[in-house]
Amino acid sequence: MTAPRTSPTYTFHPNSRLRLARDVVSVICMGWDCLSLPYIWAWNPPVSLRWSILSGSMCVFWTCDMLMSMNTSYFSDGVLHTRRSKILRRYARGWLFPDLLAVCFDWVAIVFDSFF
């Protein structure tokens, strides 16, 4: 009799220090986005190199945040789920589409700002 094949999952633990650090940085980035976007929409300031770098950094962070969310285990009824298929299914049913929409708009804005 052969044991079932399992592959290592290499997922992030939901209670790890890395996850805590990501959550703290996410709150800071969310605060920045909430303060800067109304300012940009209201006064349309000139784009500087510093502003472009910060904007690109935020976009890269949110993209990496999506990838990390797709690879973070979760608890359900006291059980830790580490199978990537379950993690992706849960993420797809929850935050995937709002995250994808926001990140795509950010990348499109960066591309248009750099070319036009």
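What share of the contacts in the chain with a separation of 6 or more comes from residues 24 or more positions apart? The share is 68%, where contact means heavy atoms within 4.5 Å.

## Basis of the model

This is a predicted model: local features need pLDDT of at least 70, side-chain atom pairs count only at pLDDT 80 or more, and totals for chains, interfaces and linings use all residues. Residues are numbered from 1 along each chain as its sequence is written, and side-chain values use heavy atoms, with hydrogens and water left out.

## Overall form

The chain has four helices and two strands. Their order along the sequence is α-α-β-β-α-α. Both kinds of element are DSSP runs, numbered from the N terminus: helices are H or I with at least four residues, strands are E with at least two.

The C-alpha atoms fill a box of roughly 70 × 25 × 25 Å along the principal axes. The radius of gyration is 18 Å, whereas a compact globule of 116 residues would have one near 13 Å. That radius is taken over C-alpha atoms, and the globule rule is 2.2 Å times the number of residues to the power 0.38.

## Surface and burial

The chain exposes about 9,100 Å². Carbon and sulfur atoms supply 68% of that area. Accessible areas come from the Shrake-Rupley method with a 1.4 Å probe; for residues, only the protein chains shown count as cover.

Of the 116 residues, 21% count as buried. Buried means under 20% relative accessible area, exposed means over 50%, and partly exposed lies in between (1.4 Å probe, protein chains only).

## Helix 1

Helix 1 has 27 residues and reaches 39 Å from its first C-alpha to its last. This is close to the 39 Å expected at 1.5 Å a residue; the expected span is 1.5 Å times one less than the number of residues. Its buried residues are Arg-22, Ser-26, Cys-29, Asp-33 and Ser-36. They pack against helix 2.

Ser-26 lies in this helix, which covers residues 17–43. Ser-26 has a relative accessible area of 13%, so it counts as buried. Beyond its neighbours within four places in sequence, Ser-26 contacts Phe-61, Trp-62 and Asp-65. Val-24 also belongs to helix 1, but Val-24 is partly exposed, with a relative accessible area of 45%. Together with Leu-20 and Ile-28, Val-24 forms a nonpolar surface patch with about 300 Å² of accessible area. Patches are made of residues with over 30% relative accessible area and no salt bridge; like charges are joined within 9 Å, and nonpolar side chains (Val, Leu, Ile, Met, Phe, Trp, Tyr) within 5 Å. A salt bridge is a side-chain nitrogen of Lys or Arg within 4 Å of a carboxyl oxygen of Asp or Glu.

## Helix 2 and its cover

Just after helix 1, Asn-44 takes a positive phi of about 45°. Helix 2 spans residues 49–69. Its 21 residues should span 30 Å, and its end C-alpha atoms are 30 Å apart, so the two values agree.

The buried residues of helix 2 are Met-58, Cys-59, Phe-61, Trp-62, Asp-65, Met-66, Met-68 and Ser-69. Their cover includes helix 1, helix 3 (84–93) and helix 4 (96–115).

Met-58 sits in helix 2. It is buried because its relative accessible area is 13%. Leaving aside neighbours within four places in sequence, Met-58 contacts Cys-29, Trp-32 and Asp-33. Asn-44 is 14 residues from Met-58 along the chain, and their C-alpha atoms are separated by 19 Å.
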